[in-house]
Amino acid sequence: MMANMGTPRRSSLHVRRPNETMRLLVTTFVGIVFGFCLGVSFPTISLSKMNISSRLFPSVDLTYIEDKYSGISTQALLNVWSSLKGNRGNMHKVNGTKIWSPTNPRGTERLPPGIITSESDLYLRRLWGLPNEDLIIRPRYLITFTVGYEQRKNIDAAAKKLSENFTILLFHYDGRTSEWDEFEWSKRAIHVSVRKQTKWWYAKRFLHPDIIAPYDYIFIWDEDLGVENFDFEEYIKLVKKHGLEISQPGLEPNSGLTWQMTKKLDDTEVHKETEERPGWCADPHLPPCAAFVEIMAPVFSRDAWRCVWHMIQNDLIHGWGLDFALQRCVEPAHEKIGVVDSQWIVHQTVPSLGNQGKPENGKAPWEGVRERCRREWTMFRDRMTAAEKIYYLERGIDPPNSTAR
């Protein structure tokens, strides 16, 4: 009985093997056909499987790109990728040679010269539209005031006399900026706020010649100047007429004069020299008898300012001594530095910045400020004399008498 039962089982097993083999073959064939049809219907290529040099984009996760842009056809991505790859090669190599332009500004030698923008401006631009349509007028002159809010009436009076040819830049030493919105012109001005700093500190840090390169003239003025008898456009016309690279308006004679050179003269448009106190001027063509303006209301041409900016010391923030050294920046100085008499101002001598000082050792705040001013004058003079001496000695030339006072 057991033998009879065993024979059919062996026979049954022998019969099933061909069926299973056929089923496996059919399943494999159907899978191949299905996969082929699927591939034809969706012709995509996995970017992550592509052989792309890791040197081109070493930090790009291609799997991430596939996931993020799965809605974009692979062919479109490949086109963009190919374009970027081609452009990259063109940017860095010309006929197989890497770009190296030694005449470029320092640090930019690897850039093609045509892409370099080495100068800027303070023109305000829109957040929309075409860039070449942003500016209806390009201001030709820059005026800066170092201000506290208490002197807002003076600044407002000056600002209302300015045409669209001027960019207005306010340096706020008291930290109060939003209050100036009461003036409509202030909403178009540029405001920089750093507490308890002087205009020469601001000028050194925010008026680099390459930043303000588009401006023909730069006014760097104090806040306590009366402009009732002053016209900015007429002033510039006179500056151009008389060839002044560095200038200032004449000062009303009774407004706290320091030097005779800056005193307004009657019946003349401009003067370039004067007679100071006896013994003050060994050379009548040198400061303070000529080639001299004060630092309260100077006006610089673009070229003159480039020289003056480099002469300003980072740590000597009051600018004392600069007035005697300005003549180093133009030639001949006694012809290109002068005072405009027919457009004059009133120096109100408001010691507002002096009051920003700190009382020490029983001294009032303004006394400490004035003491530092005098000390800086001596330091600047000594630095100029030393630099001049080193220059001549390095070239084997006997130093001439220093012109720094």
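Predicted model: local features only at pLDDT ≥ 70, side-chain atom pairs only at ≥ 80, totals over all residues.
## Basis of the description

Residues are numbered from 1 along each chain as its sequence is written, and side-chain values use heavy atoms, with hydrogens and water left out.

## Salt bridges

A salt bridge is taken here as a side-chain nitrogen of Lys or Arg within 4 Å of a carboxyl oxygen of Asp or Glu, and by this rule the count comes to 20. In the pair formed by K264 and D266 the closest N and O atoms are 2.8 Å apart. Burial is expressed as relative accessible area, where buried means under 20%, exposed over 50% and partly exposed in between, computed with a 1.4 Å probe on protein chains only. On this scale K264 is buried at 13%, while D266 is exposed at 56%.

Helices and strands are named as DSSP runs, numbered from the N terminus, with helices being H or I runs of at least four residues and strands being E runs of at least two. K272 and E335 form a salt bridge with an N to O distance of 3.6 Å. This pair links distant parts of the chain, 63 residues apart, with K272 in the loop between β9 (270-271) and β10 (299-301) and E335 in helix α9 (residues 333-336). E335 is partly exposed, at 39%. A further salt bridge, at 3.8 Å from N to O, joins R395 and E394, of which R395 is partly exposed at 45% and E394 is exposed at 61%.

D341, in strand β11 (residues 337-347), is buried yet has no salt bridge, and the nearest side chain of opposite charge, that of K264, is 7.1 Å away. For this comparison Lys and Arg count as positive and Asp and Glu as negative, with His and the chain ends not counted. With contact meaning heavy atoms within 4.5 Å, and with neighbours within four places in sequence left aside, D341 is in contact with K263, K264, L265, T268, E269, V270 and H271.

## Nonpolar cores

A nonpolar core is a set of buried Ala, Val, Leu, Ile, Met, Phe, Trp, Tyr and Cys residues joined through side-chain atoms within 4.5 Å. The largest has 45 residues, of which W200, L207, I246 and W305 touch the most other members. At least two residues of this core come from each of β4 (166-172), β5 (190-193), α5 (199-206), β6 (217-221), α7 (302-311), α8 (322-325), β11 and α10 (365-394), and the largest share, five residues, comes from α7.

Residues that I246 touches, beyond those up to four places away in sequence, include V293, V299, F300, A304, V308 and L326. Apart from this core lies another, of 35 residues, with Y149, W180, F219 and A297 among them.

## Strand β6

Five of the five residues of β6 are buried, so this strand is largely enclosed by the rest of the structure. Y217, F219 and W221 point one way from β6, and I218 and I220 point the other way. In a regular strand the side chains alternate between the two faces of the sheet.

Strands pair if DSSP finds at least two bridges between them. Strand β3 (residues 141-147) runs parallel to β6 and is joined to it by five bridges, with Y141 standing opposite Y217. The pairing of β6 with β10 is antiparallel, over three bridges, and here F300 is the bridge partner of I218.

## Helix α6

F232, Y235, I236, L238 and V239 are buried in helix α6 (residues 232-241). Seen down the helix axis, the buried residues of α6 fall within an arc of 160°, so they line one face; the arc is that of the directions from the axis to the C-beta atoms. On the other side of α6, K237 and K241 are exposed.

## Backbone features

Most residues other than glycine have a negative phi, and most peptide bonds are trans. A cis peptide bond, with omega about 0°, joins P287 and P288, and P288 lies in the loop between β9 and β10. The bond from E331 to P332 is also cis, with omega near -10°, and P332 is placed in the loop between α8 and α9.

K196, in the loop between β5 and α5, has a positive phi of about 55° although it is not a glycine, and is exposed at 52%. T349, in the loop between β11 and α10, has a positive phi of about 50° and is partly exposed at 44%.
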